[in-house]
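Dear colleague,

I am passing on the structure below, together with some notes on what turned up when I went through it. Please read the notes with the structure open beside them.

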Amino acid sequence: MTRLPDRVHTERPWRIHELTGDFRVEDVWAVRTPGAGPHDFPTLLAAMQASAGPAKDPLPSRFLFAVRRRIGALLGWDKPLTGAGDPVPSLRGRLPRDLREAPGRSDAGLAPLASLYELGDECALERATTTVHAVIHLGWAPDGSGGHELHMAVLVKPNGLRGRLYMAAIAPFRRLVVFPALVRQREQAWRDRGRPGAEGGGAAAVGRAVGTHEIPESIRALSSLSRIDYADVFTLSTDTNVGTDADAGADTDAVTNVSAGTGTGTNVRAGTTAELWARALFGDVPDPVERLIWQGLLGLRLSRGRSPGTVAGWRIAERGEDWIRLEAASWFLTGNLVVRAADGRVSLGTFLRYDHPLARAVWPPLSAVHRRLAPGLLRDAAATVRAA
């Protein structure tokens, strides 16, 4: 995963330059595609298309886009502006005849962007809203070692002061979270191309229970909160074969090296199945998205660095044979995360106590995003544990 200088895009003779003279280059990223040849661009686009979708997008991107959509809906940012009478006309009106008549037009797995054109070595997609007119350009270029790779350029034209402020506000999230995750997914899509089952046969079903009276007592009893003001539990059936305390037997020093969602490894004793799942779910240290919601929005006091006594900054408060409870608090709420792995299922429970009226205003809108993302979080963790 590499961010490239702008000139890597601007100095190549791409057809997009004919359309975007009044746009600026925000980012250029390289998507590594080992073994690719000069004619493999359509193959990569097909793999990207197959790997895309709300349930398949990287978790950091899903979270940020979910938050972004809710804010955009409230503030009216996302009204499409590509109709004939709109102040931001589509770039389709600038297309020369040969590009208008180019045969292929897929969204390359980048919906809601709409395709402008697709050629044998490049394609472009656009989206125009009240804040910014954006273009994603995908170009197939030599990688300097005899192969080819994808160059993904982000071109923008902000709509007035609001658009410029918006672009400045999202720049850190785009560069540190969204596009790195997107690039990694596209690189994985290339590696998975043609693999049986790579396109999936439907996402695994995740059960849910929301509300203190809907939560099974076997999970609710694992919370340490004196009063529960919010509760939900998501449960995934899994065939992942991970050792339990009974399976571990006397080999208590056995460890499993799990590569967590943050991209960092951690040693987990084979007997602590629930801890393995917790680290697969959240990582050893909080990633940028977790810091945004846990520390930035909820003000939770999280530990720094890796520690056998913490998971993603949350303190390991208690554990049992098949469960683990993580605890964290801020000045206005206290939280428990309970992970239980038993009987071929893994469950993630979230329990909150509102310690100040502010919590009743802050958490409900965030909880809607949380409930939307939790199933994907469990599926991603299952893939991590299975790979380990």
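Which residues does Asn336 touch, if those up to four places away in sequence are not counted? Please keep in mind throughout that this is a predicted model. In the model, Asn336 touches Ser223, Ser224, Leu225, Trp314, Arg325, Leu326, Glu327, Gly349, Thr350 and Phe351. Asn336 belongs to strand E14, and its side chain makes a polar contact, at 3.0 Å, with the side chain of Ser223. Asn336 counts as buried because its relative accessible area is 1%, which is under the 20% cut-off.

As to the overall picture, the chain holds 10 helices and 15 strands, and 51% of its 388 residues count as buried. Of the contacts between residues at least 6 apart in sequence, 63% join residues that are at least 24 apart. The accessible surface of the chain is about 18,100 Å², and carbon and sulfur atoms account for 53% of that area.

The strand that carries Asn336, E14, is part of an open sheet of 7 strands, whose order is E7-E8-E15-E14-E13-E12-E11 and whose pairing is antiparallel. At its edges are strand E7 (206-210) and strand E11 (310-311), each of which pairs on one side only. Helix H8 (residues 273-282) packs on this sheet, where it touches E11, E12, strand E13 (323-329), strand E14 (333-342) and strand E15 (345-354), and the direction of H8 makes about 120 degrees with that of E14. E11 is joined by 2 bridges to strand E12 (residues 314-319), the two running antiparallel, and Thr310 stands opposite Arg315 in E12.

Two loops of this region deserve a careful look at the backbone. Most residues other than glycine have a negative phi. Ala312, in the loop between E11 and E12, has a positive phi of about 50 degrees although it is not a glycine, and Asp343, in the loop between E14 and E15, likewise has a positive phi, near 55 degrees. Are these two residues buried or exposed? Ala312 is buried, with a relative accessible area of 0%, whereas Asp343 is exposed, with a relative accessible area of 70%.

In soluble globular proteins, nonpolar side chains tend to be buried together.

Finally, helix H2 (residues 41-51) has Phe41, Leu44, Leu45, Ala47, Met48, Ala50 and Ser51 as buried residues. What do the buried residues of H2 pack against? They pack against strand E3 (114-118), strand E4 (122-128), strand E5 (132-142), strand E6 (148-158) and helix H5 (160-192).

Technical notes: Residues are numbered from 1 along each chain as its sequence is written. This is a predicted model: local features need pLDDT of at least 70, side-chain atom pairs count only at pLDDT 80 or more; totals for chains, interfaces and linings use all residues. Side-chain values use heavy atoms; hydrogens and water are left out. Two strands pair if DSSP finds at least two bridges between them. Helices (H or I, at least four residues) and strands (E, at least two) are DSSP runs, numbered from the N terminus. Contact means heavy atoms within 4.5 Å. Axes are lines fitted to C-alpha atoms, for helices over the stretch in contact, and angles run from 0 to 180 degrees between N-to-C directions. Buried means under 20% relative accessible area, exposed over 50%, partly exposed in between (1.4 Å probe, protein chains only). A polar contact is a pair of N or O atoms within 3.5 Å; within protein, one must be able to donate a hydrogen and the other to accept it, and residues adjacent in sequence count only if both atoms are side-chain atoms. Accessible areas come from the Shrake-Rupley method with a 1.4 Å probe; for residues, only the protein chains shown count as cover.
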